[in-house]
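Here are my notes for you on this chain. Keep the viewer open and go through the points one by one.

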Amino acid sequence: MAARRNSCTPRKPSMTPSIPTRTKQKRKSTGSALTELQEARARLHVSAVPDSLPCRENEFANIYSFVEGKLIDDTGGCMYISGVPGTGKTATVHEVIANLRAAREDDVVPEFAFVELNGMRMTEPHQAYVQLLQHLTGAKATAEHAAALLEKHFSAPRRQPVVLLVDELDLLWTRKQDVLYNLFDWPSRPKAKLIVLAVANTMDLPERILMNRVSSRLGLTRMTFSPYTHNQLQEIVMSRLKDIKAFDADAVQLAARKVAAVSGDARRALDICRRASEMAEMEVSSPKKKTASRKRILVGMSHVESALQEMFCSPKVVAMKNASLQEKVFLRAVLAEFQRSGLEEAPLDRIYEQHTTLCRIEGYETLNVSQFHSVAFALAAYRIILLEEGRKELLQRVRLNASVEDVQYSLKETKTP
């Protein structure tokens with residue numbers, strides 16, 4: 001038994017983690033320039049699943065070893081994972097789970113259940129209880145009843161461990177902090193066998209918004225994802241373009257250097273290269289280029305420069321980057337409400353609630369209704385948002401007059417004080 005125990009000690013993968021082999025049929029290339037550009041455009045989409053996850057080997061190994069160790073030791077624990085958006089936090093956790101499932105097939109780790117909660121997908125923080133209970137038992141209950149049932153569930157002896165990923169942790173904050181406290185108190189129960197991986201964008205979130213009783217539980221194990229460097233961004237893009245000769249290497253490097261200097265967001269680098277491939281594709285499809293359509297055309301510096309100019313220097317992006325602090329918080333509140341509801345418009349009263357929550361979390365001065373209206377009217381005057389006419393006060397509905405990606409980029413690029 002002891003020998004078996006030693007053979008199961010946490011291990012650190014020496015290679016970049018790879019997604020288990022999928023049965024997805026490979027596309028057959030006809031060799032034309034247009035087909036390769038189309039293939040490149042599809043692979044560069046942020047929602048496309050890559051064949052590997054480069055540049056996060058150390059982070060992967062640390063998270064893997066943490067979870068693997070808890071599973072083998074038959075105990076619970078918490079890890080707080082932080083980093084700016086677009087640095088691969090959630091993707092790395094998903095890779096860890098995929099590899100642990102493969103390890104389970106080899107009997108290296110015991111059977112476990114995986115549950116994922118996302119603060120953006122909940123109507124309010126206490127819905128975390130409802131969703132967690134439904135994932136674990138299939139039962140449906142009110143938030144209050146679900147919390148009581150979960151309390152009993154994690155206090156009773158359990159056979160199967162549970163790995164819980166809590167994404168967008170900061171959105172589960174409440175005035176009493178009971179949701180966060182319970183999520184990080186349950187793993188400490190001797191019989192719970194609950195392993196919590198908490199993901200947030202703010203490195204010092206526990207110290208900023210959590211009471212001492214909560215932050216003390218989160219302070220045991222931490223993992224910080226640094227923004228990608230230009231070399232890493234270049235490697236990420238090129239890994240998606242494997243076996244496709246569609247980009248000039250200097251063009252990818254230009255996009256990587258520009259994004260690394262601004263945010264280190266891999267999603268933005270992929271967006272820029274994807275837009276550049278669209279421009280090259282339109283050039284190939286142009287009637288003026290018909291005679292040369294069979295000739296291989298690479299996405300070059302000019303295409304990337306045009307994409308950079310389009311994304312970084314549009315009038316609306318410039319206006320949002322130069323907006324006031326409260327105007328930027330307003331836009332963040334709009335994005336949060338859109339993601340929560342799944343709609344592309346929202347009433348001002350819901351945005352006001354999101355705005356107030358963000359101000360409290362970030363330590364900014366909260367606004368009264370009159371001040372909040374002034375911020376909304378200013379953004380409407382800039383034509384960044386559209387306000388519904390014919391209604392007064394907080395009943396007006398709001399729509400963005402810019403793409404969600406442009407708003408996200410503008411808010412990421414300029415850090416609020």
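1. Which residues touch the most other members of the largest nonpolar core? They are Leu-44, Leu-233, Val-237, Phe-247, Ile-272, Val-299 and Val-304, out of 35 residues in that core. A nonpolar core here is a set of buried Ala, Val, Leu, Ile, Met, Phe, Trp, Tyr and Cys residues joined through side-chain atoms within 4.5 Å. Buried means under 20% relative accessible area, exposed means over 50%, and partly exposed is in between, using a 1.4 Å probe and protein chains only.

2. A word on where this comes from: the model is predicted, so local features need pLDDT of at least 70 and side-chain atom pairs count only at pLDDT 80 or more, while totals for chains, interfaces and linings use all residues. Residues are numbered from 1 along each chain as its sequence is written, and side-chain values use heavy atoms, with hydrogens and water left out.

3. Helices H2 (33–43), H10 (230–240), H11 (249–262), H12 (266–285) and H13 (301–312) each supply at least two of its residues. H12 gives the largest share, nine residues. The labels follow DSSP runs numbered from the N terminus: helices are H or I with at least four residues, strands are E with at least two.

4. Now click on Val-304. Skipping its neighbours within four places in sequence, Val-304 is in contact with Ala-251, Leu-254, Ala-255, Ile-272, Ala-276 and Val-299. Contact means heavy atoms within 4.5 Å. There is also a second, separate core of 34 residues, which includes Ala-141, Phe-154, Leu-164 and Leu-205. As background, nonpolar side chains tend to be buried together in soluble globular proteins.

5. Zooming out, the chain has 18 helices and eight strands. Of its 417 residues, 47% count as buried. Among contacts with a separation of 6 or more, 74% are between residues 24 or more positions apart.

6. Which residues of H17 are buried? Phe-372, His-373, Val-375, Ala-376, Leu-379 and Ala-380 are. They cover an arc of only 160° around the axis, so they sit on the same side of H17. That arc is taken from the directions from the helix axis to the C-beta atoms. On the other side of H17, Ser-370 and Ala-381 are exposed.

7. At its start, a side-chain oxygen of Asn-368 comes to within 3.1 Å of the backbone nitrogen of Ser-370. Just after H17, Arg-383 takes a positive phi of about 65°.

8. Asp-74 has a positive phi of about 60° and is found in the loop between helix H3 (57–73) and strand S1 (77–83). Asp-107 has a positive phi of about 65° and lies in the loop between helix H4 (89–105) and strand S2 (113–118). Asp-74 counts as partly exposed at 37% relative accessibility, and Asp-107 is partly exposed at 42%.

Key:
Polar contact = N/O pair within 3.5 Å; in protein donor to acceptor, adjacent residues only side chain to side chain.
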